Amino acid sequence: MSHTVVAELVANVQKVTVKAGDTVGPQDTLVILESMKMEIPVLAEVAGTITELKVVEGEVVRDGDPIAVIEEN
């Protein structure tokens with residue numbers, strides 16, 4: 001079953017910490033967003049494998065934009 005992680009606010013993608021094929025657990029950091037001089041980590045909500053990364057560093061995301069797709073284990 002696939003799970004899509006989405007942005008919860010408008011922010012810049014400051015750092016991408018995973019790539020497609022990586023295995024993640026709940027609470028692992030996928031990307032770090034920057035909004036109003038604050039760093040906001042986006043965490044995996046489920047354990048699984050990153051099948052698709054939808055963002056790149058420097059990009060702007062909006063509320064509801066997909067960040068990554070995780071195939072649950």
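1. A nonpolar core is taken here as a set of buried Ala, Val, Leu, Ile, Met, Phe, Trp, Tyr and Cys residues joined through side-chain atoms within 4.5 Å. In this structure, which is a predicted model, the largest such core holds 19 residues, and among these Leu30 and Ile70 touch the most other members. The elements that give two or more residues to this core are β2 (11-16), β4 and β8 (66-72). As a general background, nonpolar side chains in soluble globular proteins tend to be buried together.

2. Two of those contributing elements, β2 and β4, also belong to an open sheet of four strands, whose order is β5-β4-β2-β7 and whose pairing is antiparallel. Because β5 (38-43) and β7 (60-61) stand at the edges with a single partner strand each, one side of each is left without a neighbour in the sheet.

3. Within that sheet, strand β4, which spans residues 29-35, pairs with β5 in the antiparallel sense over six bridges.

4. Turning to β8, strand β1 (residues 2-6) is joined to β8 by five bridges, and the two run antiparallel. Strand β6 (residues 48-53) is likewise joined to β8 by five bridges, again in an antiparallel arrangement.

Definitions and conventions. Residues numbered from 1 in each chain as written. Predicted model: local features only at pLDDT ≥ 70, side-chain atom pairs only at ≥ 80, totals over all residues. Heavy atoms only, no water. Pairing = 2+ DSSP bridges. Buried < 20%, exposed > 50% of the residue type's maximum accessible area, 1.4 Å probe, protein only.
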